[in-house]
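Hi there,

Here is the structure I promised to pass on to you.

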Amino acid sequence: MIGMLNQLSAYFQFPFVRYAMIVGVLIAMCSSLLGVTLVLKRYSFIGSGLSHVAFGATAIAAAMNLTNNVLFVLPVTIICAILLLRTGQNTKIKGDAAIAMISVGTLAIGYLIMNVFAASANLAGDICTILFGALSILTLTRTEVWLSLVLSLVVIAVFVLFYNKIFSVTFDEDFAAATGNRAKLYNLILAVIIALVIVLAMNLVGALLISALVIFPAMSAMRVFKTFKAVTVCSVIVSVACASLGMLASILAGTPVGSTVVAANVLIFILFCIAGLLTRRAKS
Amino acid sequence: MPQLSCTDLTLGYEGKPVISNINFDVNAGDYLCIVGENGSGKSTLMKSILRLIPPLSGQITAGSGLAANEIGYMPQQTAAQKDFPASVREVVRSGTLNRIGFRPFYSTCEKHAADANMKRLGISHLAGRCYRELSGGQQQRALLARALCATQKILLLDEPASGLDPNASSEMYELIKGLNDSGITIIMISHDIEASVKYASHILHIGSQSSLFFGSISDYRESDAGRIYAAQQGGTA
Ligand SMILES: Nc1ncnc2c1ncn2[C@@H]1O[C@H](COP(=O)(O)OP(=O)(O)OP(=O)(O)O)[C@@H](O)[C@H]1O
Ligand SMILES: [Mg+2]
């Protein structure tokens with residue numbers, strides 16, 4: 001135990017480890033905020049579609065040797081989020097097909113471009129990093145940390161300011177629109193923050209595992225809590241705890257950051273399922 | 001000037017008409033029941049009045065002093081709401097959102113309005129309960145309380161008594177009648193022809209062209225549409 005603490009404090013001497021922890025916690029907060037909305041609005045597939053878009057954009061950015069690829073990936077993802085939301089609203093089937101087309105298309109083109117243009121010798125390694133996050137959180141530069149910091153604060157601020165409106169368009173969009181609220185505007189805001197969260201979370205867990213980071217904390221909280229507020233607060237706490245523990249564990253055990261954090265989330269989900277069953281049984 | 005008037009409306013989806021030739025006026029304080037078979041386009045008409053679906057042709061005009069944020073709406077239930085984690089209080093309060101504009105949070109005024117409407121519908125004791133764990137009748141009341149929070153002028157109700165037992169549905173109709181007596185215009189979709197004829201002031205019957213009808217209750221009783229429909233539904237209009 002003491003040995004582990006010593007080892008940790010040794011690690012925390014390094015600035016990049018401290019950066020990684022701060023950014024990781026903020027990203028975990030942001031991604032969990034929208035979980036309930038995404039799941040209940042049937043947007044979770046938009047989330048995974050967008051993460052493929054982000055993968056394609058990252059691959060293109062890597063092939064173009066951009067110094068700061070977030071500046072390219074972010075606008076592309078936001079535009080796709082808005083497009084997907086638009087098509088999704090018209091008719092159900094067409095929306096699904098559009099998402100599948102955009103996400104699989106960008107995935108394929110991204111891989112193709114990386115293969116053709118990549119300068120790096122370790123292509124498989126690079127792709128693995130983009131897909132699973134691997135060690136990327138520990139290699140963040142100072143600008144990336146600041147950018148992540150600002151973006152996550154923006155996401156949190158927008159969520160808090162629009163909390164009641166997001167509740168209303170999630171619970172019953174028709175009612176919100178019918179009674180004179182700007183439901184379309186709120187949906188647009190939702191799309192933009194979803195895109196922000198996806199791009200942010202790519203740093204922590206990689207493109208393939210983002211959906212897990214968004215959906216698991218909300219699903220865990222929904223096993224036990226019954227009000228929107230309680231579920232939101234609980235998923236933030238669960239997500240932050242899983243991210244911190246997962247990152248510490250990955251530092252100590254040398255496991256990949258992303259998959260360790262997601263594994264922690266899966267574990268908590270199972271525990272919450274059991275807790276939910278027990279409380280329900282105790283009541284009846 | 002009527003609060004709401006529809007002229008030569010044709011409604012439908014993606015260019016395909018579902019109903020056409022709809023003409024009617026609603027004056028302040030009216031109680032209009034919309035009746036017709038399943039799939040005849042009642043919900044479609046209501047959604048068009050609410051501007052959720054654009055009409056294929058014709059016009060829907062809101063009279064003076066009826067702004068979009070002065071309309072209350074109670075929908076037929078959707079699937080998504082069935083597993084939504086929300087307390088009754090959260091649901092009812094969301095009805096007041098159309099008056100808070102760009103303010104991010106509810107003020108005490110909106111909270112009081114929500115409390116008052118829950119009390120009016122006798123669900124104050126359920127305020128902290130989870131919406132999805134309520135009975136059908138309790139859920140309908142919560143949705144009606146939310147609709148009331150959104151308006152003081154006009155309420156549009158899509159089958160407010162569907163799925164309720166005879167007692168609960170007559171209670172629901174009494175509640176709605178009470179609201180109408182306090183001056184709120186009611187536009188309600190219903191399959192209960194007996195209750196419609198008992199409480200409403202006007203009937204709009206939609207269906208095939210020959211059975212289209214709009215008029216007051218006494219006219220409806222005399223009309224062909226009314227007699228045929230009543231006979232089919234086993235009512236005593
Ligand atoms: N989103 C939609 N897209 C295309 N067609 C639709 C859509 N919604 C409804 N319809 C069609 O429009 C017609 C009218 O539907 P509507 O829901 O208005 O009927 P209704 O009178 O409310 O029926 P019910 O009594 O069952 O509630 C139906 O034939 C239905 O198939
Ligand atoms: Mg209907």
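This is a predicted model: local features need pLDDT of at least 70, side-chain atom pairs count only at pLDDT 80 or more; totals for chains, interfaces and linings use all residues.

**Chain A**

If you want a box for it, the C-alpha atoms of chain A fill one of roughly 55 × 50 × 30 Å along the principal axes. Of the 284 residues in this chain, 50% count as buried. Taking contacts in chain A between residues at least 6 apart in sequence, 75% join residues at least 24 apart.

**Where the chains touch**

The contact draws 25 residues from chain B and 23 residues from chain A. On the chain B side, strand E5 (71-74) and helix H2 (88-93) each supply at least two residues. E5(B) gives the most to that side, with three residues. By class, the side of chain B that touches chain A has 18 nonpolar, six polar and one charged residues.

**The core**

The largest nonpolar core has 158 residues, and those with the most contacts inside it are A:Ala54, A:Ile194, A:Val197, A:Ile198, A:Ala201, B:Ile34 and B:Leu156. Helix H11 (residues 183-205) of chain A gives the most to this core, with 16 residues. In soluble globular proteins, nonpolar side chains tend to be buried together.

Leaving aside neighbours within four places in sequence, B:Leu156 is in contact with B:Met46, B:Ile49, B:Leu50, B:Ile71, B:Gly72, B:Tyr73 and B:Ile187.

Which residues surround ligand 1? They are B:Tyr13, B:Val18, B:Gly36, B:Asn38, B:Gly39, B:Ser40, B:Gly41, B:Lys42, B:Ser43 and B:Thr44. By class, this shell has two nonpolar, seven polar and one charged residues. Helix H1 (residues 42-49) of chain B gives the most to the shell, with three residues.

Six of its eight residues are buried, so H1(B) is largely enclosed by the rest of the structure. The buried ones are B:Lys42, B:Leu45, B:Met46, B:Lys47, B:Ser48 and B:Ile49. They pack against a set of chain B strands: E1 (4-13), E2 (16-26), E3, E4 (57-62), E6 (154-158) and E7 (185-189). Just after H1(B), B:Arg51 takes a positive phi of about 65°.

**Strand E8 of chain B**

In a regular strand the side chains alternate between the two faces of the sheet. Both faces of strand E8 (residues 202-205) of chain B are covered: B:His202 and B:Leu204 on one side, and B:Ile203 and B:His205 on the other, are all buried.

E8(B) pairs with two strands that I would point out. With strand E3 (residues 31-35) of chain B the pairing is parallel, over four bridges, and B:Leu32 stands opposite B:His202. With strand E9 (residues 213-216) of chain B the pairing is antiparallel, again over four bridges, and the bridge partner of B:Leu204 there is B:Phe214.

B:Leu164 sits in the loop between E6 and helix H5 (166-181) of chain B. Not counting residues up to four places away in sequence, B:Leu164 touches B:Gly136, B:Gly137, B:Gln140, B:Ser169 and B:Met172. Its C-alpha atom is separated by 33 Å from that of B:Pro2, which is 162 residues apart from it along the chain.

Is B:Cys109 buried or exposed? B:Cys109 lies in helix H3 (residues 108-120) of chain B and has 11 C-beta neighbours inside 10 Å, so this residue counts as exposed. B:Cys109 and B:Arg120 are eleven residues apart in sequence and 16 Å apart in space, C-alpha to C-alpha.

Key
Residues are numbered from 1 along each chain as its sequence is written. Chains are lettered from A and ligands numbered from 1 in the order in which they are written. A residue is near a molecule or strand if its C-beta atom, placed from the backbone, lies within 6 Å of it. Ala, Val, Leu, Ile, Met, Phe, Trp, Tyr, Cys and Pro count as nonpolar, Asp, Glu, Lys and Arg as charged, and the others, Gly among them, as polar. A nonpolar core is a set of buried Ala, Val, Leu, Ile, Met, Phe, Trp, Tyr and Cys residues joined through C-beta atoms within 7 Å. A residue is buried if 20 or more other C-beta atoms lie within 10 Å of its own, exposed if 12 or fewer, and partly exposed in between; C-beta atoms are placed from the backbone. Two residues are in contact if their C-beta atoms, placed from the backbone, lie within 7 Å. Two strands pair if DSSP finds at least two bridges between them.
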